[in-house]
Amino acid sequence: MVAALVTTLALHSSALWTTIAGRPQPFSGSDPVIFAKTTLCTTGITTLVWVAITFLTPAEPTDTLVKFYRKVRPQITGWQPVAKLAEDEPVTRDLGKNLASWVLGCVLIYSALFCIGELCFGRYQTGFLLAVVAIVCGLAISRLMPKPAEWRVG
């Protein structure tokens with residue numbers, strides 16, 4: 001968050017950019033274009049900072065990773081060394097189901113939002129079509145969710 005804050009403040013500092021580039025802002029164009037460029041720049045710099053910090057700081061202790069693995073039971077991909085240490089835990093392989101639920105959830109949310117907008121503007125046919133899409137996505141997500149017998153207690 002500090003990286004994003006510093007980047008945002010630096011990109012919006014007229015004095016800084018006048019000193020560096022001789023103009024009051026780093027990007028040119030219309031307001032939406034400047035906003036998009038600033039957002040992309042902030043995202044890029046923030047990503048570089050968190051990746052660098054991830055590689056420069058020590059890894060979590062193994063026992064912390066095993067506790068996390070036992071509690072959360074993440075998809076086995078990328079967790080094989082920790083899964084071997086927590087050999088009594090069942091392996092989780094639900095990445096495909098989780099990704100499908102994520103996509104369906106995104107479609108559900110946007111369909112519902114646009115449905116409301118269409119209905120507010122009196123475009124009932126499109127609104128009801130989007131409502132049907134949202135309902136179908138909700139039903140599909142409910143079918144992909146684990147059943148109570150699959151829930152892990154503790």
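Me: In which helix is Thr7 found?
Reply: The model considered here is predicted. In this model, the helix that holds Thr7 spans residues 2-11. That element is helix 1.

Me: Is Thr7 buried or exposed?
Reply: The relative accessibility of Thr7 is 8%. Buried means under 20% relative accessible area. Thr7 therefore counts as buried.

Me: Which residues is Thr7 in contact with, leaving aside its neighbours within four places in sequence?
Reply: Contact requires heavy atoms within 4.5 Å. With the neighbours within four places in sequence set aside, the contacts of Thr7 are Thr42 and Ile45.

Me: How are helix 6 and helix 7 oriented to each other, roughly parallel or roughly antiparallel?
Reply: Helix 6 covers residues 95-120 and helix 7 covers residues 124-144, and their axes come within 8 Å. The axes cross at roughly 155 degrees. Angles over 145 degrees count as roughly antiparallel. The two helices, helix 6 and helix 7, are therefore roughly antiparallel.

Me: What is the handedness of the crossing of helix 6 and helix 7, and how many nonpolar residues does their contact have?
Reply: The crossing of helix 6 and helix 7 is left-handed. By class, their contact has six polar and two charged residues, and its nonpolar residues number 18.

Me: Where does Cys106 lie, and what separates its C-alpha atom from that of Cys137?
Reply: Cys106 lies in helix 6. At 31% relative accessibility, Cys106 counts as partly exposed. Cys137 is 31 residues apart from Cys106 along the chain. The separation between the C-alpha atoms of Cys106 and Cys137 is 9.1 Å.

Me: How many disulfides does a search of the whole structure find?
Reply: A disulfide requires a pair of cysteine sulfur atoms within 2.5 Å. By this criterion, the number found in the whole structure is zero.

Me: Which cysteine has the sulfur nearest to that of Cys115, and how far away is it?
Reply: Cys115 is in no disulfide. With a relative accessible area of 8%, Cys115 is buried. The nearest cysteine sulfur to Cys115 belongs to Cys120, at 9.0 Å.

Me: Which loop holds Arg73, and what is its phi?
Reply: Arg73 is placed in the loop between helix 4 (62-72) and helix 5 (80-85). At 24% relative accessibility, Arg73 counts as partly exposed. Although Arg73 is not a glycine, its phi is positive, at about 50 degrees.

How values were computed. Residues numbered from 1 in each chain as written. Predicted model: local features only at pLDDT ≥ 70, side-chain atom pairs only at ≥ 80, totals over all residues. Heavy atoms only, no water. Axes fitted to C-alpha atoms, helices over the stretch in contact; angles between N-to-C directions. Helix = DSSP H or I, 4+ residues; strand = E, 2+ residues; numbered from the N terminus. Parallel < 35°, antiparallel > 145°, perpendicular 65-115°, else oblique. Left-handed = near helix turned anticlockwise from the far one by under 90°. Nonpolar A, V, L, I, M, F, W, Y, C, P; charged D, E, K, R; others polar. Buried < 20%, exposed > 50% of the residue type's maximum accessible area, 1.4 Å probe, protein only.
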